[in-house]
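My entries follow in the order in which I looked things up.

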Amino acid sequence: MTQSTQNNGPIEGYIKTPPSVTVEGDTARIDAQSVYYRNMNDSVRKLVADGVKNITLDHVNGQRYIGNGVSGKDVRIEVNGTAGNDMAMFMNGPTVEVFGNAQDGVGNTMNAGKVIVHGDAGDVLGYGMRGGKVFIKKDVGYRVGIHMKAYENLIPVMVCGGKARDFFGEYMAGGMLVLLGMNSQFEGPLVGGYVGTGMHGGVIYLRGEVEPWQCGREVGIFTADEEDMKTLGPVLKEYCDALDMDYDEVVSVPFTKLVPISHRPYGKMYTYL
Amino acid sequence: MPHTLIQPEYRVEIDYDKCHKCGRCVQQCGWGVYSFNERPIPDDSKCRACHRCVTYCPAHCITIKKNDLALKENPNWPTDLRKAIWRQAETGGVMLTGMGNDKPYTSYFDHLVLDACQVTNPSIDPLREPMELRTFLGRKPDSVQVEANGTGGFKLKEGSEVSNNVELAAPIVFSPMSYGSVSLNVHKSLSMAAQRLGILMNTGEGGLHADLYPYQDNVIVQVASGRFGVTPEYLNRGAAIEIKVGQGAKPGIGGHLPGEKINKEVSQTRMIPQGSDAISPAPHHDIYSIEDLRQLIYSLKEASGYKPVGVKIATVHNVAAIASGIVRAGADYVYLDGFKGGTGAAPQIIRDHIGIPIEIAIAAVDQRLRDEGIRNQASIIAAGSIRSSADMAKAIALGADVVAIGSAALMALGCHLCQGCHTGCCSWGLTTQKPELTRRVDPEWGAERLTNLVHAWSHELQEILGALGVNAVESLRGSRERLRAVGLDEQTCKILGVKPAGM
Amino acid sequence: MTFEPLLERMPVDRLPSLSDEAGVGERPRYREEASFKIHGGCGLMGICDESGALMSGEDAIRAMAVQRDRGNGLGGGFAGYGIYPEFPDHYAFHMMFHDLKAKEEAEAVFDQYFVVDLAEPMPTRPVKGISDAPLLWRYFLAPDPHKLESSDMSAEDFVVHTVMLINSSVDGAFVASSGKNMGAFKGVGFPSEIGHYYMVEEYEAHTWVGHNRFPTNTPGWWGGAHPFTLLDWSIVHNGEISSYGINSRYLEQFGYKCSLGTDTEVAAYLFDLLLRRHKLPLELACKALASPLWSEIDRMPEEEAALMKSLRAVYGPGMLNGPFAIVLGFNGGMVALNDRIKLRPLVAARQGTKVMVASEESALREVLDAPDKVWMPKAGEPVIARVKGMDWPIHGDLHLSASEVSCAVTGAEDTCDTAEVNN
């Protein structure tokens, strides 16, 4: 809780002073209660530079840019509380695990690493994501997985355990986007409209069915088969392990597969003199 | 019915008496105009008047003429509009084009004249006296605070440094042109020239090719809506980061690089598969309001160790308010791209009809930021048809810190403004990825030509400054008093903040 | 019913005088400061205790304090409902005056049309960073019975006319709020500073809305901050209404004057038009403002599709296009609404009888320590909180068929009586 208003000044949501940090070997604990994001993230960056591998952030409420631009495959950041906007944006290797909900922009333009959220995540997840894995336990919002792109061995993967709203996988250019529809508090269908509009690469797997009107013109709707399960299965296994779910239950329902039927969705749109 | 109603725009005429029949024209033309059967045979319909063949013909026997077919005159229906309709009826497609707006809109630069000192105030001779053009790009503090340094002198207090600014040797940079829309050799030419000149080039939205790493301190890395090639490493190279929100040639819409321009190297730099289209969505999907832009600016700062972050916008009706918002959102510079700015490909209807002139935009933005007391918080880069050092001087007088050149830079490398960039067949080897064409630009040669151009314009700017009686460009910057308007109405003069000549 | 502005009905000699002695040009009219459209991005919140229990304004301030980065210190504000239990039936006018002359002129208008039962300065405390505040006063007014009767208007229209009159023609005066048992506290500063300035934590309300603004205009105009109010509607708005140009012209047909240069103004007037004057049920008003896409309408069952078509065809010029998240507060509850493709963030939560919305979940968590439910509302679907025991000013129980909607709009007055009433 922030300080109450007193006659010595307006209420401040966050205070710009370094947080208290306790370090034991290669583990550190930061009390982020009411700490401004810049101070909190400066502490995290310094600890990573000093070789700390495990960092826990306590009492987080809305601080932005957690894990932003941080590199290091063996770095692990644990977040207790509500993670603020643009978490793991440009992240390059670490694992970030949130015990709580995340807000908007998780994994935006993320390069590598792993994000696990034991709750909901908001809108615009994984925008421009180009590598790494994002696992969300529950529901996600609008414009999730826009313009994910893959290149050589950098393949982004996102699995959402709940339901999603409109514009899921819009402009997708590469990678794997999965929606399970379990763990959800949304009423209504698994996913909204405009799924995969402008899709020209990658694959979307939906646990359950989708109506053709929900998908963009560029999308072909198929049922996932054994070949698909060879790549999807291991991803789901990793997801279930991370989020303590039952793999057999997850794969007990057939998956719908959405792929672009053209790599040149706008090929015929233009002309010139 | 014939497959097209459109007649060729040009006629290729060859004086066969002089022709050596060497076949050079066949080889040089990128558009496939020439076939050869004992002598070169041109297909006029493919010619774009780029003059590659004319330049390289050893006998100088090729002329390109306008195909002057008489059409019933009708000023309301220029030929281009009729042709567009014929083409759209054939194909159902959106008309695409390249380079900048070619419609006869007023050029406000051409209605502004500069002052010179005489009698009552001396001019300065630039050949003998120093003329300083050094410019700082970035956020400046409100004031300079100092403290005692312990040895009787002073040192800067924290917050008063300008070390986060980029130092430019002259108030000019190269505009963003993406690798993919132009060739790698063009990018190399720009980077080498930028390093030699002490200015900056801009990667555009196609990422930064590894061959350019040696020049990275003279590069602005751009983050566009497609986020191509944007990795944490990319953000840490470059002298500054630029968020591309819009472009003068195509305000409000996204970009589209066709799959045939994505070869192996482009694909590697953009980090997308070869042959697939590179589509940049119209908005950044994480910027739908000004506070979202602020969120992205600070995200980039956090990820790059707080490098300067600029924002590039197209100049539209409320450009002043947008620019103010951008500055308040934390940007270190605002790049204004006027509606005449060039492009590798844009729908013609967007290029020619949307946006406002850069002269007006500079004046409006500069004034608004001053009214709000925040002019020092960001630099202004102005672009969108800066055609000469005179345009540069006038843009600076109106309030820009720096100008950017794109079309002019390409012209230095041979471009003849034929507007054929979107086909990827540029005979000069500029806006293409075809190896047989791109090899025509030798980066050393290109760097030298660009360096020559910028040196020439810098010297001309120094001459202008001398005539104005000042020896440093900061004394011209924003000094509307040194401009007068000729043939502009009162309202426009007010908006530009420039008096009419005679007053 | 046609809507004639009060201005035209009043004999000219009774208008407040705008003499040359005032030095026209010295005192800025608020109108002129807003001559260009002010854009802004922002953060917002709304909280309503459906049991009617009162909450301190401190909760609203704290919710805005954690969303500080969404603003730039050039605007912040709050509105609270139930804050003046001693004056439940008076219209509480929160006024901003550039100087004493503006105050005198506005008070002259009050004296002519209202009975002024109390006039006093707004209680404030000094805050570093808040300077150049206008004179802030509040008045508890009741319409003068004779004037009201001879004007042949409802009390509410009477008040609306007065507000339009003062805002558009009394130099340097601005009505920040004019509702019953509610008030708006806003100005140029971060919301936590504004809250501290107005001592918002000392007021108690069953419903609060709050706002953090990121405007791109010349700072200094306190009237430009949100919430924007009319009667006891208050609106906080995040986003930009790109259809402002036609929305304002549409509203002008009905007598609303869009003079304040903020796009939020049209949202407030549109809600007033659809809910109070055209008596559309709340859900349909939301569907008119944040309409479903045609592709969705084509998939609806016939009767529903016909209704939506009427709404879109009739209210097309009123449809709000562009990214927005809006919270509408009023005596009786609050409504939060997103644009039809949800381009702005909005999160909601419920804890016991409290319903709360905000731009970021962190604001909800700051105030509600153990929410029963936290969720993301769907685009175009309102989040509704109703205070028990209060009149619901919105005809939510009335379901009109498509043709009845059309009639209601074109002015056939008796449709409300003949329409079916569903519970």
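The contact draws 38 residues from chain A and 51 residues from chain B, where contact stands for heavy atoms within 4.5 Å. On the chain A side, I noted that A:Tyr151, A:Thr271 and A:Leu273 lose the most area to chain B, together 19% of what that side buries.

I then looked for charged pairs and found a count of 1 salt bridge between chain A and chain B, taking the term as a side-chain nitrogen of Lys or Arg within 4 Å of a carboxyl oxygen of Asp or Glu. The side chains of A:Arg45 and B:Glu302 meet in a salt bridge, at 3.1 Å from N to O.

Before going further I wrote down the conventions: residues are numbered from 1 along each chain as its sequence is written, with chains lettered from A and ligands numbered from 1 in the order in which they are written. Since the model is predicted, local features need pLDDT of at least 70 and side-chain atom pairs count only at pLDDT 80 or more, while totals for chains, interfaces and linings use all residues, and side-chain values use heavy atoms, with hydrogens and water left out.

Next I checked B:His422, in the loop between α12 (407-412) and α13 (435-438) of chain B; helices (H or I, at least four residues) and strands (E, at least two) are DSSP runs, numbered from the N terminus. B:His422 counts as buried because its relative accessibility is 9%, the terms being buried under 20% relative accessible area, exposed over 50% and partly exposed in between (1.4 Å probe, protein chains only). Leaving aside neighbours within four places in sequence, B:His422 is in contact with A:Tyr272 from chain A, and with residues of chain B including B:Arg48, B:Leu96 and B:Gly344.

Strand β17 (residues 309-314) of chain B pairs with β18(B) in the parallel sense over 5 bridges, pairing requiring at least two DSSP bridges between the strands, and B:Ile313 stands opposite B:Leu336. Helix α11 (residues 389-398) of chain B is mostly covered as well, with 9 of its 10 residues buried, and B:Gly399, which follows α11(B), has a positive phi near 140°.

I turned to chain A for its open sheet of 12 strands, with mixed pairing, in the order β1-β2-β3-β4-β5-β6-β7-β8-β9-β10-β12-β11. Strands β1 (20-24) and β11 (219-223) of chain A stand at the edges with a single partner strand each, so one side of each is left without a neighbour in the sheet.

Last, I looked at confidence: the model scores ipTM 0.90 and pTM 0.84. Chain C has a mean pLDDT (the predictor's confidence in each residue, from 0 to 100) of 82, and 81% of its residues reach 70 or more. Over residues 1-36 of chain C, however, the pLDDT is below 50.

Methods. Buried area = accessible area lost by both parts, 1.4 Å probe.
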